[in-house]
Amino acid sequence: MSTRSQLRQARRLVIKIGSALLTNDGKGLDEAALSLWVDQIAGLIDEGVEVVVVSSGAVAVGMSRLGWVSRPDQLHELQAAAAVGQMGLVQSWEAQFKRHDVHTAQILLTHDDLSDRKRYLNGRSTLRALLDVGVVPIVNENDTVVTDEIRFGDNDTLGALVANLIEADGLIILTDQLGLFDRDPRKHADARLVTERKASDRELDAMAGGGAGVLGRGGMQTKVRAARLAARSGAFTVIVGGRVERAITRLRQGEVIGTLLLPEQGRVAARKQWIAGHLQTRGTLTLDAGAVKVLCLGGRSLLPVGVKSVAGQFRRGEMVSCIDESGREIARGLVNYDADEARAIAGRSSHRITEVLGYISDEEMIHRDNLVII
Ligand SMILES: Nc1ncnc2c1ncn2[C@@H]1O[C@H](COP(=O)(O)OP(=O)(O)O)[C@@H](O)[C@H]1O
Ligand SMILES: N[C@@H](CCC(=O)OP(=O)(O)O)C(=O)O
């Protein structure tokens with residue numbers, strides 16, 4: 001049996017579960033299935049994997065709670081159903097994870113939240129803080145305030161954006177089919193499962209053209225698009241049948257089930273390419289000769305002790321330029337401290353950061369994964 005090392009090695013995963021699955025084709029929330037997924041996710045957490053769940057199903061659960069048999073066309077009715085259904089969804093996730101002594105947190109996001117830099121960074125910090133303390137964030141679209149997304153359904157995209165946000169190794173999309181087929185299997189009995197492709201492969205578009213199921217909104221097209229988005233930060237995507245026995249555990253063990261869509265390059269390489277291509281920097285760190293030498297050797301982080309001076313106003317996570325004492329640019333990277341904090345710790349050894357700032361967020365001024373030598 002061939003195995004997939006990407007899945008065995010993953011440390012951080014986003015798992016997206018679609019409406020059709022969660023609600024057992026609209027018959028109300030499928031508690032039994034949910035409990036099986038939670039058991040498997042709890043197994044991943046025991047192994048030290050950090051997991052974010054992106055859970056659809058608010059509209060479908062809401063419709064079932066309200067006794068509505070057909071999906072309403074009116075936006076405000078969809079939003080009302082989502083608001084009712086979201087209560088049921090998070091109650092179930094919370095109750096199921098409680099059996100494993102794992103806490104959950106509700107995160108409702110819109111795409112706007114993730115395109116605004118400040119909100120993006122805030123969202124990232126919150127998700128990271130939750131993962132640090134072993135909580136499983138349960139993410140859904142904030143259906144009360146979005147319009148187009150609720151009409152078209154876009155949790156596949158949301159899953160990819162969350163994978164970008166937390167720099168996940170991979171995105172697992174659980175759906176009602178065994179994976180991506182070369183044609184819509186609901187319409188073509190002879191459709192064949194695609195096992196592995198590059199996410200960028202253009203042939204996937206024609207295969208995924210068949211539209212969505214009755215309850216889901218995006219179909220395979222949004223899943224392929226999500227895989228491309230996730231690939232931008234170097235994450236792989238697996239599209240797999242959520243009703244396949246122990247699907248998550250088997251994927252983790254490297255078993256070849258579902259469809260694996262691969263990024264062109266790994267997580268760190270993708271991030272470095274993004275940094276190198278980013279023109280706008282927010283500030284400048286002048287490095288001493290020792291730091292310049294160490295950085296040019298490659299594979300090393302920049303420590304505060306090698307920083308002589310700090311110019312500009314920037315916030316943690318923003319891009320800064322690193323120059324030598326003659327003003328030549330050496331490197332570029334995402335800084336771990338705000339400008340004022342960076343000024344306070346510049347030239348000091350990392351074990352004095354707590355003494356100076358009263359806290360420490362990172363030992364490095366710029367971590368090597370976030371640093372590109374020019
Ligand atoms: N090439 C394909 N392979 C698999 N499923 C396809 C394909 N083309 C279209 N589909 C449809 O996509 C549906 C899954 O998408 P969707 O209904 O949005 O599910 P979810 O709720 O999981 O997001 C399948 O039930 C299937 O009918
Ligand atoms: N926010 C919506 C998600 C709709 C959606 O994207 O559904 P799906 O295609 O099943 O993932 C809900 O919870 O109903």
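Reader: What makes the pairing of the side chains of arginine 332 and glutamate 329 a polar contact?
Author: This is a predicted model, and in it the two side chains, of arginine 332 and glutamate 329, are joined at 3.0 Å.

Reader: Why is arginine 332 called buried?
Author: Its relative accessibility is 14%. Buried means under 20%, so arginine 332 counts as buried. The residue sits in strand β12, residues 329-334. Beyond four places in sequence, arginine 332 touches residues including Ile275, His278, Leu279, Met319 and Val372.

Reader: How do you know that the "binding site" positions Ser56, Asp143 and Asn155 gather at one spot?
Author: The positions come from an unreviewed UniProt entry. They span 100 residues in sequence, but no two of their C-alpha atoms lie more than 10.8 Å apart, so they gather at one spot.

Reader: Are serine 56 and asparagine 155 buried or exposed, and how do you know?
Author: Serine 56 has a relative accessible area of 6% and asparagine 155 has 8%. The cut-off for buried is under 20%, so serine 56 is buried, and so is asparagine 155. Serine 56 lies in the loop between β2 (50-55) and α4, while asparagine 155 belongs to helix α9, residues 155-165.

Reader: What joins the side chain of asparagine 155 to the side chain of serine 56?
Author: A polar contact of 2.8 Å. Leaving aside sequence neighbours within four places, the residues in contact with serine 56 include Lys16, Asn140 and Asn155. Asparagine 155 likewise touches Lys16, Ser56 and Asn140, among others.

Reader: Why is helix α4 called roughly perpendicular to helix α5?
Author: Helix α4 (residues 58-66) and helix α5 (residues 75-98) pack at about 95 degrees, with axes 6 Å apart. Angles of 65 to 115 degrees count as roughly perpendicular, so α4 is given that description relative to α5. Residues in the contact include Val59, Met63 and Leu66 of α4 and Leu78, Val84 and Leu89 of α5. The contact residues divide into eleven nonpolar, five polar and one charged.

Reader: Which residues does the annotation "domain: PUA" cover?
Author: The unreviewed UniProt entry gives residues 283-366. Over that stretch the chain is 25% helix and 26% strand, and its end C-alpha atoms are 13 Å apart.

Methods
Residues are numbered from 1 along each chain as its sequence is written. Chains are lettered from A and ligands numbered from 1 in the order in which they are written. This is a predicted model: local features need pLDDT of at least 70, side-chain atom pairs count only at pLDDT 80 or more; totals for chains, interfaces and linings use all residues. Side-chain values use heavy atoms; hydrogens and water are left out. Axes are lines fitted to C-alpha atoms, for helices over the stretch in contact, and angles run from 0 to 180 degrees between N-to-C directions. Helices (H or I, at least four residues) and strands (E, at least two) are DSSP runs, numbered from the N terminus. Angles under 35 degrees count as roughly parallel, over 145 as roughly antiparallel, 65 to 115 as roughly perpendicular and the rest as oblique. Contact means heavy atoms within 4.5 Å. Ala, Val, Leu, Ile, Met, Phe, Trp, Tyr, Cys and Pro count as nonpolar, Asp, Glu, Lys and Arg as charged, and the others, Gly among them, as polar. UniProt positions are given in the numbering used here, feature names are shortened, and annotations may be inferred rather than shown by experiment. Buried means under 20% relative accessible area, exposed over 50%, partly exposed in between (1.4 Å probe, protein chains only). A polar contact is a pair of N or O atoms within 3.5 Å; within protein, one must be able to donate a hydrogen and the other to accept it, and residues adjacent in sequence count only if both atoms are side-chain atoms.
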